[in-house]
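Here are a few notes on the charged side chains, jotted down while going through the model. Have a look at the structure first, then read on.

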Amino acid sequence: MLNRTLLMPSLSASLFYKEVDQLQPISFDKIFQFDRFNSLCKGFVQLGRYSDLTNRTGEFDLQKGSGRKWTIKRDFDQLRQFKREPIDGYEVIRITGKNPFLWHDHWPLKYYARVFECLVLVDQISKEADKVVSKLRSKTGSFQDATNVNYVAVHMRIEKDWMIHCKNLEQRLKINQICSSKEEIMERVGNIVGLKGPTVVYLAVADNLLEDKSILTGWKEGFLPFEKKKLGVLGIYKKYPYLIQSAIDYEVCLRADVFVGNTFSTFSSLIVLERTQKMIRMAITISCQKDVRWPSYAYNLLGESNGPRRWMTNMSDSNLQAISYGSTYIPC
């Protein structure tokens, strides 16, 4: 909108249960390949480094409005105004204001999807994800002929930070399709239509925030659940801060044959967005009515045969509303 290079951002976790040691920001290039991003997104979005600035004192603060009166139109008009002189003469425009996560967005969803195609993990994190995926596939090896998937990944959102947030959100929105208990998740994953034979299930959970340690028990016969400790990869994750642990889990979930998550989780929603975009890029027919490669499901919404509802991203959405804030409406 401002036709400017974005100075390399820091990434941070967003937890509703304020574990201070989990919230330390990490530089973008510690997780994603900086030069690769600029190469893939050339002509669309570009990143710059602070060290490239010639005049670091030449900053102008763009103060974002907030509240109900700060409409999408007012936000858009402000951005257009800041493209003109004398403001456009400043080398750096710094956008400031309250609650940046709630700022309006002005791109259709398909443009944001393009940005994700430019995000390539640094080799170190990608190799750690390779090790976790390899471990999961090795668990399937002994009964490969009896099953039709390598592994199912479940973003099992039952940690204490999530339960505080989702219960407050259910009260505010007056709905009951956000929080899911451990038992509900297990039941619905166990009822996914089409899974056959022994099925390896990877449970993507934030171990440090998990109070219920019994997530491996109670699964339907034929489902073989693994978390980090049982899989033998806890040492891989413990080497890194919370945000990089999440990046590894994100990649493991992204590569799964089947993914199951929660539509009110941004983590889950972004994985489904990437999986949907992947099918589009590979010219795979997208349909809610037939089997597809890399299917995704929402366990917080009831679907066929008491299983989770099939989930794909509506790529024609005009904004990121459903992904950023969650929704009970999904195309399938």
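1. Let's begin with Arg255, which comes out as partly exposed at 25% relative accessibility. Keep in mind that this is a predicted model. The side chain of Arg255 meets that of Asp130 in a salt bridge, at 2.7 Å from N to O. Asp130 sits in helix 4 (residues 123-140) and Arg255 in the loop between helix 9 (242-254) and strand 10 (258-261), so this pair ties together parts that are 125 residues apart in sequence. Asp130 is partly exposed too, with a relative accessible area of 35%.

2. On the overall tally, the structure holds 15 salt bridges. One of them pairs Glu183 with Lys182, with 3.8 Å between the closest N and O atoms. Lys182 counts as buried, at 11% relative accessibility.

3. Helix 6 (residues 182-190) is worth a look: Arg188 and Glu184 are 4 residues apart there, about one helical turn. These two form a salt bridge, their closest N and O atoms being 3.5 Å apart. Arg188 has a relative accessible area of 13% and is buried, whereas Glu184 is partly exposed at 25%.

4. There's also a network to check: Glu128, Lys131 and Lys239 are joined into one by salt bridges that share partners.

5. Last one, Arg310, in strand 12 (residues 308-310). Is Arg310 buried or exposed? Its relative accessibility is 15%, under the 20% cut-off, so Arg310 counts as buried. Its side chain makes a polar contact of 3.4 Å with the side chain of Tyr297.

Definitions and conventions:
Residues numbered from 1 in each chain as written. Predicted model: local features only at pLDDT ≥ 70, side-chain atom pairs only at ≥ 80, totals over all residues. Heavy atoms only, no water. Helix = DSSP H or I, 4+ residues; strand = E, 2+ residues; numbered from the N terminus. Buried < 20%, exposed > 50% of the residue type's maximum accessible area, 1.4 Å probe, protein only. Polar contact = N/O pair within 3.5 Å; in protein donor to acceptor, adjacent residues only side chain to side chain. Salt bridge = Lys/Arg side-chain N within 4 Å of Asp/Glu carboxyl O.
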